[in-house]
Amino acid sequence: MARKNRFTPGILQRAPWHVVDNQVTPESVFNDRRNIIKALGLGALGASLPGQVQAGIFDLFGEQKAKNPFTTQSLNYSTPRQFVLPDVKTPEDKVTRHNNFYEFGTGKSDPYDNAQGFNVDPWTLVIDGLVDKPITLDLQALTKRFALEERTYRLRCVEAWSMVVPWVGFSLATLLKDAGVKSNATHVAFETLFDPEQMPGQKSRLMGGGIHYPYVEGLTIAEAMNELPFLAVGLYGKTLPPQNGAPIRLVVPWKYGFKSIKSVVRIRVMDKQPPTSWNQLASNEYGFYANVNPEVDHPRWSQASERSIGEGGLFSAKRIPTQMFNGYGDFVADLYKNMDLRKFY
Ligand code: MTE
């Protein structure tokens with residue numbers, strides 16, 4: 001694949017998607033997808049519930065807080081130069097406290113507040129479907145079977161905020177090659193753990209932001225075999241905290257963040273396009289492809305710029321322009337060369 005401006009291994013270069021240090025914006029205003037919950041009438045349902053029942057709902061999340069805090073471990077990994085960005089990394093405490101993980105609540109701090117008791121041991125990740133050799137990985141195998149590397153990627157949420165995160169993990173393509181993808185495969189489906197006892201957002205549509213759980217996502221086989229999609233088992237050099245998708249989550253840096261599914265238990269290779277959670281909820285707003293594209297607005301807000309989370313004060317912050325494919329066009333634009341990106345959003 002022909003690539004312009006990409007990193008030359010061994011030479012640290014300024015990436016085309018470099019984030020300038022002082023271009024940050026406040027968190028005071030953002031386009032919250034909880035509007036969808038309102039649109040579905042679920043917000044009204046919540047508001048119409050008697051106070052005691054509402055309190056009960058929030059207590060269910062509150063119970064999680066009482067459990068022991070989650071502990072993370074240091075990881076051993078290499079740092080390939082082609083994935084070292086000169087961008088200013090989002091401070092770790094912002095990466096781990098400003099999250100979307102509706103299984104633990106729809107507010108940005110809910111995942112941190114509610115997920116500390118999340119038990120990920122034992123954990124089983126199954127890779128099956130149209131593969132020659134299905135693979136089952138347990139918690140230990142997740143970090144031992146593949147050589148771990150650190151990749152600093154930009155994460156652009158569909159809500160028009162972004163972060164720069166140093167993930168630790170291995171490429172999805174490495175795993176799929178190990179399993180041996182059959183020639184009739186066209187797509188790969190991903191599924192999050194379904195465990196309503198641990199994930200209170202899965203107990204009802206009201207608590208889980210309207211999503212039908214388990215949370216599911218998908219890629220085409222060509223996207224999945226690209227070198228960028230990453231299975232992260234850590235960030236900032238340590239195993240993932242629960243709010244970021246412990247023990248293993250997908251990271252697809254040229255697509256809106258909702259494609260980067262957390263706490264994955266199944267990866268299934270298929271011969272048809274799998275359903276995806278946000279598309280099922282509002283197909284006119286969230287497509288299967290979900291490539292970051294400043295020229296195609298969300299029906300309810302512009303995608304031309306984004307708030308870079310983590311730096312600057314409430315009043316000094318400003319928006320940064322959003323880049324096509326989140327700045328990763330040299331790696332992925334060829335995948336979409338004959339595609340109408342307004343139609344296949
Ligand atoms: N995965 C699951 N299972 N549940 C979710 O609610 N939210 C998605 C994605 N993965 C989500 C998920 C969205 S909308 C975004 S922007 C990213 O996770 C956020 O990842 P972060 O919290 O690590 O920044």
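**View 1. Strand 7 and its pairing with strand 9 in the predicted model.** Strand 7 runs antiparallel to strand 9 (residues 249-251), and three bridges join the two. Within this pairing, Ala232 has Arg249 of strand 9 as its bridge partner. Strand 7, which spans residues 230-235, is mostly covered, with six of its six residues buried.

**View 2. Strand 7 with strand 8 and strand 4.** Two bridges hold strand 7 and strand 8 (residues 238-239) in an antiparallel pair, in which Gly234 has Thr239 of strand 8 as its bridge partner. These strands form a hairpin with two residues between them, and Tyr236 in the turn has a positive phi of about 50°. Strand 4 (residues 161-171) is also antiparallel to strand 7, to which five bridges join it, and here Trp167 stands opposite Leu235.

View 3. Strand 5 and strand 6 are antiparallel over five bridges, and Ala189 has Gly218 of strand 6 as its bridge partner.

**View 4. Confidence along the protein chain.** Mean confidence is highest in strand 5 (residues 187-192), at 99, and lowest in helix 2 (residues 42-48), at 44. Over residues 1-31 the pLDDT is below 50, although this stretch has 86 contacts in the model beyond near neighbours in sequence. Where pLDDT is low, the predicted coordinates should not be read in detail.

Terms used: Residues numbered from 1 in each chain as written. Predicted model: local features only at pLDDT ≥ 70, side-chain atom pairs only at ≥ 80, totals over all residues. Heavy atoms only, no water. pLDDT = per-residue confidence, 0-100. Helix = DSSP H or I, 4+ residues; strand = E, 2+ residues; numbered from the N terminus. Contact = heavy atoms within 4.5 Å. Pairing = 2+ DSSP bridges. Buried < 20%, exposed > 50% of the residue type's maximum accessible area, 1.4 Å probe, protein only.
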